[in-house]
Amino acid sequence: MPIASKTALQAALDEQVLVHTQNGFTTYTGTSSDDVINGSYKRDHLFGGAGNDTLNGLGGNDHVLVGGAGVDTLTGSAVNRGSVTFVFTSLTDSYANAEGSHSDLITGFSPYDRLDLTALGLERIGNGHNGDLAVSYDAATDITYLRSLDKDASGNFFEVRLAGDFQGQLSTYNFALRHDGTAGNDTLDYSFSTKQYALNGLDGDDTLTGGKFTNVLDGGAGADHLIGNSGYDTFLYHQLSDSFVNDASGVTSVDLISNFNLFRGDVLDVSALGFTGLGDGYNGTLNYTYDKTAGHFVAQSFEADAQGNRFKVYIDQDYRHGNVAYQDADGFIFAGDNYSDEANQTLTGTPTFDTLYAGSDGGILIGGGAGDALTGRTGVDTFRYLDSSDSVQGAADLITDFDVTQDKIDVAALGYTGLGDGHDGTLKLVYDTDLHRTYLKDYDLNAEGQRFEIALEGGYTRTFTAANLVVASTVSTAEHVPDAPIELVGVAPSDIHAA
């Protein structure tokens, strides 16, 4: 289990380290005091915040440690195995001046770890000037100093300390590299690179392609095309105008993110925009759904700023057939403590075949069409249908592990009113004895000449009730199935009533 400990001072101030666990990674956010944060054995994002913090990612892979302000102690992967990226976003995160050193100490730095100093314009070893870092070693303390000798207006210069002797051992592999575009339309293609890059499109309609490993893609203003690769990719948004629509003026400047792989661990970082989670698109949430007209997933807010702009981004997800129980929210880094009830979170499929699994706490599965395989687990699961073409005869979804004591099928958006004979807005229960499956069938054709139909693995004709349906209008909840006859097809197995 993840561990997040507090000092006595923090306890006195009633401050807490916020821990948000998602399937792909865990985010730990520290307080304004001195935190001791121990992560987990998965991919973690540890944010120390203010104070003299101690951050330890333990033994997972591709940890991101952000000490923030204060003199922090950060642990690298030589102690924990895996790899760690140490991110510094401000000069005052780790610095020195004429008064002395105020720099972070990194222990256990390994050849596989990286320093992300792209926000400071630093990315290589050299003479300490113009983006270079000078290296010096103090044998008495066994500490290597990395310094930029270019001072700011206050006389501060960047400095970070590495425990051990790293003279002659650091290369560009150990640094995140940065490539900035121009005010025009740029194409930054690093698809064959094995180095870690931060790509910044700036203005213009840019096309950015990440490298094979961890990348940060920041399109900036304009309608950008951001293309992920085989590593962990972060798609970063600083302000609402980076990707927006204006309904009043008709102006649109919407990014398209391609090759986004939720199952690999890609994320959209919208924390700077203040969004706190997925929802209905209001009250600081983003609405997330598949837009069949546009042919993309879309994440958007329905609340406009003072200029009438509202955030919107298109997403093409790659590989929707993982056997891990991810949810849509696992693809985002939100602002603050964005923990929410997992059973109310969605996992949305495409119009093509998807294999979707509910998490142990449950969730809402939206297959989206083409005969999906949907699996519920121990939690409260809801299987939601938004269009009558989502599951039809000949290409019906197959739901497994349906628990009649708590799970539901949500057909409210389709206008169904309950169980019945399969006509006039009702669904009929039909049991196939050969396949040992129970079907919910509509015998009336939709506008495309198809019949809506869902299959459940097992026999549910004696146990499935109106209480297992979420319907369009209020109907009485029956203890048993309605009086409409149950249709049986095929040859009955030895136990046709098994649930």
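Is Asn259 buried, exposed or partly exposed? Asn259 is partly exposed, at a relative accessible area of 24%, where buried means under 20%, exposed over 50% and partly exposed in between (1.4 Å probe, protein chains only). The residue belongs to strand E27 (residues 255-260); strands (E, at least two residues) are DSSP runs numbered from the N terminus. Although Asn259 is not a glycine, its phi is positive, at about 55 degrees. Ala370, also not a glycine, has a positive phi of about 75 degrees. Ala370 is found in the loop between strand E36 (362-366) and strand E37 (373-375), and its relative accessibility of 37% makes it partly exposed.

The model is predicted, so to speak of local features a pLDDT of at least 70 is needed, and side-chain atom pairs count only at pLDDT 80 or more, while totals for chains, interfaces and linings use all residues. Residues are numbered from 1 along each chain as its sequence is written, and side-chain values use heavy atoms, with hydrogens and water left out.

The pLDDT, the predictor's confidence in each residue from 0 to 100, averages 88 over the chain, and 89% of the residues score at least 70. Over residues 475-481 the pLDDT is below 50, and this stretch has eleven contacts in the model beyond near neighbours in sequence, a contact being heavy atoms within 4.5 Å. Residues 491-499 also have a pLDDT below 50, with 21 contacts beyond near neighbours in sequence. Where pLDDT is low, the predicted coordinates should not be read in detail.

Turning to the strands, five of them form an open sheet in the order E34-E36-E38-E40-E45, with parallel pairing; two strands pair if DSSP finds at least two bridges between them. Strand E34 (346-348) and strand E45 (469-470) are the edges, each pairing on one side only. Within the sheet, strand E38 (residues 380-384) and strand E40 (residues 408-410) are joined in the parallel sense by three bridges. Thr382 has Lys408 in E40 as its bridge partner.

Aromatic pairs (ring centres of Phe, Tyr and Trp, its six-membered ring, within 6.5 Å; planes under 30 degrees apart stacked, over 60 edge-to-face, the rest tilted) number 17 in the whole structure. The Phe109 and Phe166 rings, with centres 5.6 Å apart and planes at 85 degrees, are therefore edge-to-face. Both Phe109 and Phe166 are buried. An aromatic cluster is formed by Tyr288, Tyr290, Phe297, Phe332 and Phe334.

Definitions and conventions. Helix = DSSP H or I, 4+ residues; strand = E, 2+ residues; numbered from the N terminus.
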